[in-house]
Amino acid sequence: MITTLRIAGRDRKRLEEIVGIASRFGLGILLARLGIARDAAEPTEAGEHSPAQSLPQRTRLALEELGPTFVKLGQILATRGDLLPPEWIAEFEQLHSRAPTLPFEYLRPFVEEALGEPPETAFARFDSAPLAAASMAQVHRAALHDGREVVLKIRRPGIRPRIEADLRLIAHLAALAERASAEARRFATAAMMRQLAEAMLEELDFTHEARNADRLRDDFATNPQVTVPAIHWDLTSETLLVMDHIAGVPPRDRQALLDAGIDPAAIAALGADIVLDMVLINGRFHGDPHPGNLLCLPRNRIALLDLGMIGHVSPRRREEFIAFVHALSTGDPARLAEVLAAWAGQDPTAAGTAPTPDRLLAASERLIARHGSGRLVLGAMVGDFLALMREERLTMPADLLLVFKALVTIDGVLARIEPGFDLTGAMRRSSLRIARARLSPEHWSPILQAVGFELLRLGEDAPRLIRAAIRRLESDPVPALPASSPRAAAGYLWISAAIVAGAALIAAALWAQ
């Protein structure tokens, strides 16, 4: 069965299982092209899939049966609208983990090991009937001895070795594909698999999700409209997460919100503000804000749940994204082309020739012609943008794709509960908050301190630098400029401004101590 792939004995059984499932769903020809299976062009079992099902549909079903690693891989691929056509993206966006519930008595030894005692002792009340189940974890409710309601997220026993085997196999497949295919190199397959491995290993360790919750709670500490469940660290470990239970209404149905006394318009505005603040100000955002991970609370508040996938936006990326939105909204194709050039040139693993300025400018003009005025329909704009990138064979940096995915996801959620919701108003409000954040002492204090220390260091070196400059002038004099010349005047003005600015920065930095 296995030809070009050499797998360690410990993973061979899992590989055979993967090949068998893929073949049953009619994906054998894809395996054969990769050299994984010798003769797998047809499914080995009849009736496993309908001939009417498309290849993307069969692939999605196979990924779901293969388990959490492959579901996560499909979810990552669902963000790659710059690489995959819409029919594949639509299928991968429907991926969800399928797993039966486990009897609690099967989980009991692992829970007791994590708690150090039986759950009936650790909690005032423990519900052995599961509240929910997924491929990686099962959720139960309980109550603390002080009366607070909590939920326990219990990692499924034996899931780590299986996921680690999957990651080894997928990494090997990615390397094989990149050696054999220029298209796979353009996909940056190996880099994508590294992203998958990082995401999966982080989700396996529940302390990572707990830290994410603490960070997001700190980010919104001054906003009473945003709630993040508190983590009970004394009960939390790598395999068990204990956090406050929050009761609310998922933002799936407008009428359900109205029946609960919640204003859908207020929730839509708040949801947009939250996501834009996370992306453009805090630099840390919920990577998958779908209705199952959000709850609407009385007094028009929102709770953020399931924080295993958190994206990070560097200051440079935030500036680029702000420039992208501003260029699009003001109809500036030249500026938009500059942003696209920066993004297209920031993936060193992407294959192909660099885009020419003329191509980028033409692509920017097309995007602005479609979306540069009036109401911004984010889902349609991002879809057209990624299609344009795919047509031009430009590869987007992976971190930006997660930003776009999060924005499109929340845009779809908000449009469902408040039809006609326009994100442009939220973007205008966000621009004001960005300006306030940049003018705040918290933003400038560390910058001024760093500049002040550099200037102090420069001051200590000033005698040596001046002597070196004098020696250089004496050995290689430059033509003197008349005092009235524009160049001389500009130079004097620059030097004066630098002296004044340096003094101000040092004073501000020392004042901030």
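Contact here means heavy atoms within 4.5 Å. This is a predicted model, in which local features need pLDDT of at least 70 and side-chain atom pairs count only at pLDDT 80 or more, while totals for chains, interfaces and linings use all residues. Residues are numbered from 1 along each chain as its sequence is written, and side-chain values use heavy atoms, with hydrogens and water left out.

**View 1. H208 in helix 11.**
H208 lies in helix 11. Leaving aside residues up to four places away in sequence, H208 touches E202 and G308. H208 is buried, with a relative accessible area of 13%. Buried means under 20% relative accessible area, exposed means over 50%, and partly exposed is in between (1.4 Å probe, protein chains only). E238 is 30 residues from H208 in sequence, yet the two are 8.2 Å apart in space, C-alpha to C-alpha.

**View 2. Helix 11 from end to end.**
Helices (H or I, at least four residues) and strands (E, at least two) are DSSP runs, numbered from the N terminus. Helix 11 covers residues 206-219. How far apart are its end C-alpha atoms? They are 20 Å apart, which agrees with the 20 Å that 14 residues should span at 1.5 Å a residue. The expected span is 1.5 Å times one less than the number of residues. The buried residues of helix 11 are F206, T207, H208, E209, A210, N212, A213 and L216. An α-helix has 3.6 residues a turn, so residues three or four places apart point the same way.

**View 3. Helix 14 against helix 16.**
Two packed helices are described by the angle between their axes and the distance between the axes. Helix 14 (residues 315-330) and helix 16 (residues 357-371) pack at an angle of about 65°. Their axes are 8 Å apart. Axes are lines fitted to C-alpha atoms, for helices over the stretch in contact, and angles run from 0 to 180 degrees between N-to-C directions. Helix 14 passes helix 16 in a right-handed crossing. A crossing is right-handed if the near helix is turned clockwise from the far one by less than a right angle, and left-handed if anticlockwise. On the helix 14 side, F324, A327 and L328 take part; they meet L367, I368 and H371 of helix 16. By class, this contact has five nonpolar, one polar and no charged residues. Ala, Val, Leu, Ile, Met, Phe, Trp, Tyr, Cys and Pro count as nonpolar, Asp, Glu, Lys and Arg as charged, and the others, Gly among them, as polar.

Most residues other than glycine have a negative phi. Phi of N300 is near 55°, a positive value. N300 is found in the loop between strand 8 (294-297) and strand 9 (301-304). N300 is partly exposed, at a relative accessible area of 23%. Phi of D306 is also positive, near 50°. The loop that holds D306 runs between strand 9 and strand 10 (310-312). D306 is partly exposed, with a relative accessible area of 38%.

**View 4. Q53 in a loop.**
Q53 sits in the loop between helix 2 (28-34) and helix 3 (55-66). Is Q53 buried or partly exposed? Q53 is partly exposed, with a relative accessible area of 21%. Q53 touches R58 and L61, not counting residues up to four places away in sequence. F25 and Q53 are 28 residues apart in sequence and 9.8 Å apart in space, C-alpha to C-alpha.

**View 5. R194 in helix 10.**
R194 is found in helix 10 (residues 189-204). At 54% relative accessibility, R194 counts as exposed. L167 is 27 residues away along the chain, and its C-alpha atom is separated from that of R194 by 9.0 Å.

**View 6. The chain and its confidence.**
The chain has 21 helices and 10 strands. Buried residues make up 45% of its 513 residues. The chain averages a pLDDT of 78. pLDDT is the predictor's confidence in each residue, from 0 to 100. Confidence is highest in strand 6 (residues 240-244), at a mean of 97, and lowest in helix 21 (residues 486-512), at 48. Over residues 503-513, pLDDT stays under 50.
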